[in-house]
Amino acid sequence: MKNISILGSTGSIGVNTLDVIARNPSRFKVVALAAGRNLPLLKEQIDKFEPDIVSVIDDEHAYQLREMLGHPAVPKILSGDGGYREVASWKKTDMVVSAIAGAAGLSPTIAAIDAGKDIALANKETMVMAGELVVAKAASRGVNIIPVDSEHNAIFQCLAGHNIKEVERLILTASGGPFLHLPLEQFAYIKLEDALRHPNWEMGRKITIDSASMMNKGLEVIEAGWLFGMDVGRIDVCVHPQSIVHSMVEYVDGSVIAQMGVPDMRGPISYALSYPERLQGAVDTLDLCSVGTLEFMSPDHTKFPALELAYEAAGRGGSAPAVLNASNEVAVDAFIEDKIGFGDIPLVIKEVLDSHRTKEIDTVEDVLDADCWGRIRAVEIVEKRKVS
Ligand code: MG
């Protein structure tokens, strides 16, 4: 029996993880849950999975949850970053599913690593912001980090049983998002609901908008660099609208190994939870004959400049990726709140990066400083660009 803590249990990854666990009750047990503000769903999860402890975003929500549950002795109800860190390092936990969206996932993920827990990593921002620190900490604590992000999970599978020294390059596939075929002239008229319409994957808002701008793929390039110890110059992106090939590894002899499957996050989640074993019937069978055609094309950097900004930040190293991530989060929020247009998102990020002097990152505090600097600077730039 593997005991699981889930950070972000009411989000898309959290809900899918609980579905995998519910279907494999003899293998997995939920012992701790952390969520944000969705108390009705969290209450349902608590009733069904009976965790020892839970944490929510703040004291106010913790109070409301206690009321809803009738002030129970179990679960213990906590709040805020301290509560999230306790969920992440809960004594009975064997593996932590790290799925809190955005920079807020960093601190609890680090707490889990410090406590020696294996990580199923869905929160890519952790690696983007603090990859070097996280990889070093995980190595010193003997912690396994198994990627849940579908592309990285695919690469992890394509590398299994092979020598990493024989890898020529990693090829991340990208769906291209809803605007793959939209002419650039029409980008100015993109509305929030258009950006939230992802062709293949059901996901949260932030990541869906990141997919539409292709910043998601940029963040994934940086994430892959740290996860697999690969220079980003050897990580390429290939647009593949069907989302059947989840990513590929090219070896020095020219062989390319691809991992395929129907686009269903329960696939990578199952593999991360059960690794090195595989779960029977985790997702529907892939019928390539009925899929018919698989297309592959190069990304269009004019329409999607966010991808190159991510390569630039990765190349600069140090604080630059954390600043990239922070400014992206601010810009995406500003787009959601209708303060800026969709096409402004990469422009805000570029302006922030251009005005940033890269610093070295030695501690988590350095990461958080860079994150804070990037946010403040991005807010200033958003204010300047604001559509009135
Ligand atoms: Mg992904």
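Guide: Let us begin with Asp 52, which is in contact (heavy atoms within 4.5 Å) with Val 31, Val 74, Pro 75, Lys 76, Trp 90 and Lys 92, leaving aside its neighbours within four places in sequence. The model is predicted, so local features need pLDDT of at least 70 and side-chain atom pairs count only at pLDDT 80 or more, while totals for chains, interfaces and linings use all residues. Residues are numbered from 1 along each chain as its sequence is written, and side-chain values use heavy atoms, with hydrogens and water left out.

Visitor: Why is Asp 52 called buried?

Guide: Buried means under 20% relative accessible area, exposed means over 50%, and partly exposed lies in between, with a 1.4 Å probe and protein chains only. Asp 52 has a relative accessible area of 18%, and therefore it counts as buried. Its place is in the loop between helix H2 (39–49) and strand S3; helices (H or I, at least four residues) and strands (E, at least two) are DSSP runs, numbered from the N terminus.

Visitor: Why is Arg 27 called partly exposed?

Guide: Arg 27 has 27% relative accessibility, so it falls in the partly exposed class. Arg 27 sits in the loop between helix H1 (12–22) and strand S2 (28–34). Its side chain makes a polar contact of 2.5 Å with the side chain of Glu 277. Among the residues that Arg 27 touches, not counting those up to four places away in sequence, are Met 1, Lys 2 and Leu 279.

Visitor: Is Thr 17 buried or exposed, and how do you know?

Guide: Thr 17 has a relative accessible area of 0%, so it is buried. This residue is found in helix H1. The side chain of Thr 17 reaches the backbone oxygen of Ile 13 at 2.7 Å. Beyond residues up to four places away in sequence, Thr 17 touches Ile 6, Val 97, Ile 269 and Leu 273.

Visitor: How do you know that S1 and S2 pair?

Guide: Two strands pair if DSSP finds at least two bridges between them. S1 and S2 have six bridges, in the parallel sense, and therefore they pair. Asn 3 stands opposite Lys 29 in S2. The chain crosses from S1 through H1 to S2 in a right-handed β-α-β crossover; with the strands pointing away from the viewer, the path from the first strand over the helix to the second runs clockwise.

Visitor: Why is S2 described as largely enclosed?

Guide: Six of its seven residues are buried, so the rest of the structure largely encloses S2. S2 also pairs with S3 over three bridges in the parallel sense, with Ala 34 having Ser 55 as its bridge partner in S3. S2, H2 and S3 make a right-handed β-α-β unit.

Visitor: Which strands are called edge strands?

Guide: Seven strands form an open sheet with parallel pairing, in the order S4-S3-S2-S1-S5-S6-S7. S4 and strand S7 (145–147) are the edge strands, each pairing on one side only. Four bridges join S3 (residues 53–56) to S4 (residues 76–79) in parallel, and the chain crosses between them through helix H3 (residues 59–69), again as a right-handed β-α-β crossover.

Visitor: What makes Asp 149, Glu 151 and Glu 220 donors of the magnesium ion?

Guide: Donors are N, O and S atoms within 2.8 Å of the metal (3.2 Å for Na, K and Ca); water is not among the atoms, so sites may look incomplete. The protein donors Asp 149 (OD), Glu 151 (OE) and Glu 220 (OE) lie 2.1 to 2.2 Å from the magnesium ion, and therefore they qualify. Glu 151 lies in helix H7 (residues 150–159) and Glu 220 in helix H10 (residues 215–228), so the pair ties together parts that are 69 residues apart in sequence. Glu 151 is buried, with a relative accessible area of 7%, and Glu 220 is buried at 1%.

Notes. Polar contact = N/O pair within 3.5 Å; in protein donor to acceptor, adjacent residues only side chain to side chain.
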